[in-house]
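Student: Hi! I have a new model open and would like a quick tour. Can we start with a loop?
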Amino acid sequence: MGANISGAMVDRDEGGSPLQPRLGDIPESCAALVLAMLDPPEICKLARVNRSFHGASSADFIWESKLPSNYIFIVEKVLRDTTLLNLQKKQLYAGLCRPNPFDVGRKEIWLDKNTGGVCLSISSKALTITGIDDRRYWTHISTEESRCICVYHSILGSWKSLNLIDLVCINADILDSSIPTANLVVPSGWRGRVWIPVGTYSLFFRLKLGKSSKRLGRRVCNSKHIHGWEVKPVRFQLTTSEGQSVESRCYLDNPGNWVLYRVGNFVVQNPNAFTNIKFSLTQIDCTHTKGGLCVDAALIYPTTVAKEIRSCS
């Protein structure tokens, strides 16, 4: 009897032969286990295969494993929007992959959509720059090439006359004083606690020589104020509370184009403690003036993501 019942439940073709198993016959729970082993882009591709994979692709346990280990902290303490925790994990992941502003829009945090790695941007408006209040030398400009307001450095006078010169000083708190902070300082140094997950990260400055504008519908670069950067390289420094230290020098070049200048890499090793980091960009020289520098932001990427970004730039 059991054999007769079992045979009756098998799908057969017109000739009476048993049909071969199909991909759509895979139970949704099994499909979800398969998807959990894949990267987010692969999950999204397989979700279009059939209904079983489409339904399985929305399982919370799949997408929670793709979120950073501290995603609750990011939502509650950085973005301060606990309603996000009520979303399905797939929706939450998609929302965090978009640039999410905080600190009155001066900073942004997002996840790399391919890996779930945490990325940070500190806009120029969040930076403390030497002489920034003197509009003879620095100007806030809005550009389509950036989501934030950039600052443009026209001309610096001599060290003796203005006491400003080739000293680029940037300082910013990633979070406000009520929660753990990370800062950016040049040249006295950037200090702060980093609240990103364990891993290796790369820190960059996004800079450009010249000011872009549109003429007859085309983007053109105004190089009028660019001078002095070829005389001496800028110095990048990075240190952490765990004894990591990196220093390098680089000439600023490629006028008219935004360039990611790598400060260095640092490693977050302890998941239960904050890592204190300090980094800087300095160019101090009393022998000549400089101008034409546009400052967009300081950026932190997981190193694997940074390699992809650099290879495409």
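Tutor: Happy to! V104 sits in the loop between β1 (100-102) and β2 (107-111). Keep in mind that this is a predicted model.

Student: Is V104 buried or exposed?
Tutor: V104 is exposed, with a relative accessible area of 81%. That is over the 50% cut-off, so V104 gets that label.

Student: And what about the backbone there, what is phi of V104?
Tutor: Phi of V104 is near 55°, which is positive even though the residue is not glycine. As background, most residues other than glycine have a negative phi.

Student: Which loop holds R80?
Tutor: R80 belongs to the loop between α6 (71-78) and α7 (89-96). R80 also has a positive phi, about 55°, without being a glycine.

Student: How accessible is R80?
Tutor: Its relative accessibility is 48%, so R80 counts as partly exposed.

Student: Okay, new topic. Which residues touch the most other members of the largest nonpolar core?
Tutor: Those are I109, I196, F205, L207, L252 and F266, in a core of 56 residues. At least three residues of this core come from domain 1 (23-98), and at least three from domain 2 (122-178 + 195-308).

Student: What lies apart from that core?
Tutor: Another core, of 9 residues, with C119, L299, Y301 and V305 among them. In soluble globular proteins, nonpolar side chains tend to be buried together.

Student: Now K232. Where is that one?
Tutor: K232 is in the loop between β9 (218-222) and β10 (234-240). With a relative accessible area of 29%, K232 is partly exposed.

Student: Which residues does K232 touch, leaving out those up to four places away in sequence?
Tutor: K232 touches Y251, Q283, I284, D285 and H288. Take Y251: it is 19 residues from K232 along the chain, and their C-alpha atoms are separated by 6.9 Å.

Student: Let's zoom out. How many helices and strands does the protein have?
Tutor: There are 9 helices and 14 strands. The protein has 313 residues, and 46% of them count as buried.

Student: What share of contacts join residues at least 24 apart?
Tutor: That share is 63%, taken among contacts between residues at least 6 apart in sequence.

Terms used:
Residues numbered from 1 in each chain as written. Predicted model: local features only at pLDDT ≥ 70, side-chain atom pairs only at ≥ 80, totals over all residues. Heavy atoms only, no water. Helix = DSSP H or I, 4+ residues; strand = E, 2+ residues; numbered from the N terminus. Buried < 20%, exposed > 50% of the residue type's maximum accessible area, 1.4 Å probe, protein only. Contact = heavy atoms within 4.5 Å. Core = buried A, V, L, I, M, F, W, Y, C linked by side-chain atoms within 4.5 Å. Domains from an automatic or database assignment.
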